[in-house]
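Welcome! Here is a short tour for anyone meeting this structure for the first time. Please keep the sequence and the 3D view at hand as you read.

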Amino acid sequence: MKDHFQRIERLPPYVFNIVGQLKQEARARGEDIIDFGMGNPDRPTPQHIVDKLTEAAQRGDTHRYSVSRGIPRLRQAICDWYLRRFDVELDPESEAIVTIGSKEGLAHLALACLGPGDIVLVPNPAYPIHPYGVVIAGADVRHVHLSNDTEEFFTELEKALRESWPAPKMMLLNFPANPTAMCVDLAFFERVVAIAREFDLWIVQDLAYAELCYDGYEAPSILQVPGAKDVAVESYSLSKTYNMPGWRVGFMCGNPQLIAALGRMKSYLDYGMFTPIQVAAIAALNGPQDCVAEIRETYRSRRDVLCDGLASAGWVVDRPKATMFVWGQIPEAYRHLGSLEFSKLLLTEAKVAVSPGIGFGHHGDEHVRFGLIENEHRTRQAVRGVRKLLRDGTGSI
């Protein structure tokens, strides 16, 4: 039938749209909704990056089609960044590729490498593009329960590897994790690489929050593990590190075979991003990094205001060591509602918008995710609304 769209029909309704629609309706009524829903940085891009974009856009030779793999100087800047940040050497020709944000790279890598009958292991809860990029590619997802207990994760992982038939082809990881903010150390990745070798498994690690780390924690790269490039690629984004979400600049590095597959797919689908944006991305990676420290401190301060405020209201949540998110278990009196109904309750009664955990997978349904995208004053205002809700028991309990 002409109205049968096979790939679209494999995608479930987007849960976040439900809360988003309620938020829009409330704002249309004039209500002041404090929005922690989307991980969308609210601060401006550092001025030196904007200035470089403007300068490059004034040149007459920068408005033609670009290069789908990314201009050579940007790929070199990416490799230089990896060397400075992680002491990892990369070949800019075969081991690095520019992506139009990390989401595009992850989805098109899945499309390039996967098809019907392939099985991919994905943690649950997970950022939606991780499982649904696989689904769009026509492959099948095997969920691996993700908690903050790494031993439990490896137990679940090895069970999935031994019980899945056919054998899984790929595993997607994301540490520091969105939505759970779970952090791992280099020893974790050493075990992952060893497992990948044992089970002939590709590893795709999303490192989008590498620079948003607090309290002395430093996020490792999987590519720091000796031999990791034999089995793994790593995705990164400038969106959070440099307040550049709308610019859509990311990259993927590591295994040459996977990088080549992504490059071949992209050569059919795009001509690369606007060249001045790539030039500005070089300025971000190679330029002064004090802006990164300032951005990190902004999120740390907001984290503390939110976590301390919720605790004072009687809702104790884990204080994340990384990311721009707080993953809060729903207060026990409301847990039976599930994350979607509790999110609706927060919106209608506390005027606070969050992301329901069910949108990240069924193992997330006892949690909601706060994005640290409101300033400290607005965050305190949100806490007052939450405190009133919890104190008065407003809504269905």
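Cys291 counts as buried, at 8% relative accessibility. Bear in mind, as you look around, that this is a predicted model. The closest cysteine sulfur to that of Cys291 belongs to Cys213, and at 16 Å it is too far for a bond.

How many disulfides does the structure hold? The number is zero. Cys253, for its part, is in no disulfide, and its nearest cysteine sulfur, in Cys79, is 5.8 Å away. Cys253 also counts as buried, with 0% relative accessibility.

In soluble globular proteins, nonpolar side chains tend to be buried together. Here the largest nonpolar core has 63 residues, and Tyr82, Leu238 and Tyr242 are those with the most contacts inside it. Another core lies apart from it and has 32 residues, including Leu310, Phe370, Ala382 and Leu389.

Leaving aside neighbours within four places in sequence, Tyr82 is in contact with several residues, among them Val88, Leu90, Leu207, Phe251 and Cys253. Asp87, Ser221 and Glu234 are also among the contacts of Tyr82.

## An enclosed strand

Next, find strand E12, which covers residues 367-371. Five of its five residues are buried, so E12 is largely enclosed by the rest of the structure. In a regular strand the side chains alternate between the two faces of the sheet. In E12, His367, Arg369 and Gly371 point one way, while Val368 and Phe370 point the other way. Phe370 is also one of the residues in the core of 32.

## A buried lysine

Is Lys266 buried or exposed? With a relative accessible area of 0%, Lys266 is buried. You will find Lys266 in helix H10, which spans residues 256-269.

Beyond its neighbours within four places in sequence, Lys266 is in contact with Ser68, Ile97, Val98, Thr99, Ile100 and Glu104.

A search of the whole structure finds 30 salt bridges. In one of them, Asp35 and Lys23 have their closest N and O atoms 2.7 Å apart. Asp35 lies in strand E1 and Lys23 in helix H2, so this pair ties together parts that are 12 residues apart in sequence. Both Asp35 and Lys23 are buried.

Another pair is Glu163 with Arg142, whose closest N and O atoms are 3.7 Å apart. This pair links helix H7, which holds Glu163, to strand E4, which holds Arg142, across 21 residues. Arg142 counts as partly exposed, at 27% relative accessibility. Asp308 and Arg319 form a salt bridge too, with the closest N and O atoms 2.6 Å apart. Asp308 is in helix H12 and Arg319 is in the loop between H12 and E9, so the pair ties together parts 11 residues apart in sequence. Asp308 is partly exposed at 41%, and Arg319 is partly exposed at 38%. Both belong to a network of salt bridges that also links Asp215, Glu297, Arg300, Arg303 and Asp304.

Note on methods
Residues are numbered from 1 along each chain as its sequence is written. This is a predicted model: local features need pLDDT of at least 70, side-chain atom pairs count only at pLDDT 80 or more; totals for chains, interfaces and linings use all residues. Side-chain values use heavy atoms; hydrogens and water are left out. Buried means under 20% relative accessible area, exposed over 50%, partly exposed in between (1.4 Å probe, protein chains only). Helices (H or I, at least four residues) and strands (E, at least two) are DSSP runs, numbered from the N terminus. Contact means heavy atoms within 4.5 Å. A nonpolar core is a set of buried Ala, Val, Leu, Ile, Met, Phe, Trp, Tyr and Cys residues joined through side-chain atoms within 4.5 Å. A disulfide is a pair of cysteine sulfur atoms within 2.5 Å. A salt bridge is a side-chain nitrogen of Lys or Arg within 4 Å of a carboxyl oxygen of Asp or Glu.
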